[in-house]
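Here is a walk through one structure, taken a piece at a time. Keep the viewer open and follow along.

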Amino acid sequence: MNIHSRLGGWLLPAIVTLITLAATFAIMFRPSRGEHRGEWDAIGRIPVSAEGRVKPLDTVARNSLIQISGRQRWERDGQRVEAIEWLCELMASPRTASTRNVFRIDHPDLLALLKLEDEKRVRFSFNEIAPSLNDIALQSRQAATVEPKRRDPFQKAVLQLESRLLLFASLARMETPYCVVPMRQGEEWRPLADAVREPELAQHPSAQSVIGVLSAIAEGEVSKAGANAREYLQTLSTVPEARTSAAAHEVLFNRAMPFIYASALYVLSFLLGCAAFLMRPLWNPDRSRVVARCALSIMLVAFLLHTFGLITRMYLQGRPPVTNLYSSAIFIGWAAIILALVAEWFHRLGVGTMVASLLGFGTLIIAHNLSSGGDTMQMMQAVLDTNFWLATHVVVITIGYSATFLAGLLGAIYLIFGALTPLLRGEPLKAIPKMIYGVIAFATITSFVGTVLGGIWADQSWGRFWGWDPKENGAALIVLWNLLILHARWGGMIQPRGVAVLAVGGNIITAWSWFGTNMLGVGLHSYGFMDSAVFWLVVFCLVQLAIMSVGAIPYRAWRSNTVARAAKRESAAVANVPA
Amino acid sequence: MEQFRHLLGPLASLRLTVVLFALSMFLILAGTLAQVRDGVWTVVDQYFRSLWVMIPLQLFVPEKVLRLPGAIPFPAGTTLGILLFVNLLAAHAARFKWSWKRSGIILSHAGALLLLVGEFVTGIGADEGHMSIFEGSSSSHVEDLREAELAIVDATGEEDRVVVVSQHALQRAAGQRDHVITNPLLPVSVRVDQWMSNSRLLGPRQASPQQLARASAGLGTEVAAEPIRNVTGVDGMSTDTPSVYVTFERDGKELGRYLLSTRIDTPQDLFVDGKVYQVWLRFRRTYKPYTIHLIDFRHDKFVGTQVARNFSSRVRLVDPARSVDRELTISMNKPLRHAGDTLYQASYKEGDTGTVLQVVRNPGWLIPYISCAVVTLGLLVHFVAKLISSARRVVS
């Protein structure tokens, strides 16, 4: 072994780590481009209160634009512009803002209703929609009388457009967000719109400052507006209610978008990891080891971003990691990665890295799709408003979900690559079942303890340890499924192949418990409903069933197994030949 | 002894365990899906707290896709619970061998047994109801929102004399001309013209003349009731509001046809031989030895939203028998435990004018806590034992 390959074993991965780290941070915290960036940044940091939470104006702008337009940025004359500029324009000069193409409308019948069906675009301005406001009101009034579950796509689209219009109008009239900061004892957050009725509110120093910023924007003097905003932030720094430093962090967090970059890196790491793991039998061991380490180092950088995002959210919210469906996706991925890395530490196959990146990417994509509803850090319903139970029950049960998914993914890899390809021969063919078993045992404990903690919380909150609520039932199903696998294995009823098949089945059960029960819309626990998610859930379950059916192939007919046996015979034959 | 163990064999088998787990999972899934159509309490009684259940096949296929009549009989929660219990006991009896290595497994299984016992005790022993109190007033009874009762009150004397007809009796007599509810305690006999397990009221201008003609006295001449579908588990926290059309008779003579409804808060007058009785349909009441007086109800919201931040009730608890008379606050996640009951902040009256407390009496409430602690301890012991043995292997 030469010095080159010995150094190369760690040198290349180390270089890859540094480059990825540097590149990602350079992109995430790049100075913003465009005119008056500094000014807009200052304006974005102005604290306001919306949906019950104090947050920077920048967050309100992004969430509102996502709700209206489906994305965080918009285009003006072919140039990408940040959400904050759009929001400020809307508040300062609604007439101009009404000409901007921000309303996303897809449904052909709805476009026909608005007489816009001939346009070759999906985003329209308020002025284009305005002539049909009466028709929209009429249609949405009819649609609203239909039970939410029975509404057809057109009715849903028209109601969605109406809610977008209402949001647009309330932003333009400055009814939301609440801009006037309570600066003295006994004051509360107030919307600027109230100043119409109460002229003295307009004299409030906070209202004066916001008006100053907005009128400078209306006059097109962004530099002046920025200066006003900075001065205002300076005054607010002594007002605890305004939480200016948290708001500044949140703006930074909004701009950095750690989860987006993390998911891109997860993909990269997954591809490298696949190459290293699957090419093991074909490549020389040094090469595949180096590639595996590169995959691992990129994964770790992605995980660092993931962790940074998770912790920042916890700091901004002042809450444990899981508070809603969105954050549960982020946390499930995060916890599953740790488990996968632990499993990797024990077995050193490279499969852990591959699985970890896939889980990280998958869960972040799910989270991304869940974030279109607006603020992902919204306030909690009163009964859920307890950090103790969020930190114990919710975290533990979510780790249980992670572990079950991890076992399922390992099972899928074992079945697919073992049965259908020759790539899993040798050590992995024996080691992966051991990993699956270990992960299932862990999943059993965490899902049991998590479920029980939930029962105790329920007993503390409304006097019922177990209410047979769909979400509780879902959790019980996960526990029972894991117990079933363990007992069947202890009883010798299933072998590694059967364990893997059942572990993949665990994916269906966990997906049901995580999403399916919310789709029933039943019970206290349901906190989100997404139509398209039903479709994806069905697809996901079908894919799992397909993978499980691969397990029907008897072990002796597995490609990896037959290839391994042939190789053994061959080497035995070689050994038998007298020298 | 060996023979005994031999007999236990089939009962103690792991195969049975696995089958029971699978059956339980199917039952739980069906019991979840059933909540799309039925209320959670109906489902709990049918699926989880009975010996067997008929599971409609339609549960598993959306009606839009395929209409599927028929149902399969299936062992319900009690049966499966008992079988799991027996299986677990038999397994440990047949294979019992004490060793430190197995102690964790034995402990965690003992905890699992306790968990089953706890759910059983809760199933038969627990009782819950709601106590609604308006600000400034008091209450010493809870209402069971799952069951109504027809109350006939004689308020003319020093103390109210109350006779009630249970929902069960009303339902049995419903719609049968020749079935009249009589009892020596009842001043009148009751004929049930129509029972509606969930209903809504129609105002004077919404109801048709025919509907209004169904009652000959009381409020029913101005408002009518019509049946609506039962509340399902999907509908969340709302409950069924039964109504009933009844005819009161005395000595074969009709005194009046009435509409009684749980949606009508006040009793209606019924004249029997010149004496006034008050009649109403209300949720079944249970009286408690203590009184709760609501001083103030608070409903805090997050700034600028309708999202509740907190509910709390400032109350005065009076229990003469225990010489208790004190003021305290009941709020979300902070219940009051008193006299074997636990009072939780559950809901509120329209316009924040009053509070609704959930009052739970569960003699087995502590069992899950103990069993969970035992299971967790068992699992911990097991894993520490495993860890030590594998560490030894590595060392040697």
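**Salt bridges, cores and the contact between chains**

Arg104(A) is partly exposed, with a relative accessible area of 29%. This is a value from a predicted model. The partner of Arg104(A) in a salt bridge is Asp106(A), with the closest N and O atoms 3.0 Å apart. Asp106(A) has a relative accessible area of 45%, so this residue also counts as partly exposed.

Arg298(B) and Asp300(B) meet through their side chains in a salt bridge, 3.0 Å from N to O. Arg298(B) is partly exposed because its relative accessible area is 45%. Asp300(B) stands at 23% relative accessibility and is therefore partly exposed. The cut-off matters here: buried means under 20%.

Arg62(A) and Glu82(A) form a salt bridge with an N to O distance of 3.7 Å. This pair ties together distant parts of the chain, 20 residues apart. Arg62(A) sits in helix H3 (residues 57–69) of chain A, and Glu82(A) sits in strand E4 (residues 79–82) of chain A. Both Arg62(A) and Glu82(A) are buried.

Salt bridges can also join into a network. Arg37(A), Asp41(A), Glu85(A) and Arg255(A) are linked in this way. Over all chains, the count of salt bridges comes to 36.

Next, the nonpolar interior. In soluble globular proteins, nonpolar side chains tend to be buried together. The largest nonpolar core here has 141 residues. Which residues touch the most other members of this core? They are Phe277(A), Val351(A), Tyr414(A), Leu415(A), Ile432(A), Ile436(A) and Tyr47(B). Helix H18 (residues 387–420) of chain A gives the largest share of this core, 18 residues.

Take Val351(A) from the largest core. Is Val351(A) buried or exposed? Its relative accessible area is 0%, so Val351(A) is buried. The residue lies in helix H17 (residues 351–370) of chain A. Leaving aside residues up to four places away in sequence, Val351(A) touches Phe277(A), Glu344(A), Leu410(A), Ile413(A), Ile432(A) and Met435(A). For a sense of scale, compare Arg141(A): Val351(A) and Arg141(A) are 210 residues apart in sequence and 54 Å apart in space, C-alpha to C-alpha.

Finally, look at where the chains meet. Chain A puts 50 residues into the contact, and chain B puts in 51 residues. The area buried between chain A and chain B is about 4,300 Å², with carbon and sulfur atoms giving 70%. Two salt bridges cross this interface. One of them pairs Arg337(B) with Asp459(A), the closest N and O atoms being 3.9 Å apart. Between chain A and chain B, seven residue pairs are in polar contact. On the side of chain A that touches chain B, helix H19 (427–462), helix H20 (470–490) and helix H21 (496–519) each supply at least two residues. By class, this side of chain A has 31 nonpolar, 13 polar and six charged residues.

Definitions and conventions. Residues numbered from 1 in each chain as written. Chains lettered and ligands numbered in written order. Predicted model: local features only at pLDDT ≥ 70, side-chain atom pairs only at ≥ 80, totals over all residues. Heavy atoms only, no water. Contact = heavy atoms within 4.5 Å. Buried area = accessible area lost by both parts, 1.4 Å probe. Salt bridge = Lys/Arg side-chain N within 4 Å of Asp/Glu carboxyl O. Polar contact = N/O pair within 3.5 Å; in protein donor to acceptor, adjacent residues only side chain to side chain. Helix = DSSP H or I, 4+ residues; strand = E, 2+ residues; numbered from the N terminus. Nonpolar A, V, L, I, M, F, W, Y, C, P; charged D, E, K, R; others polar. Buried < 20%, exposed > 50% of the residue type's maximum accessible area, 1.4 Å probe, protein only. Core = buried A, V, L, I, M, F, W, Y, C linked by side-chain atoms within 4.5 Å.
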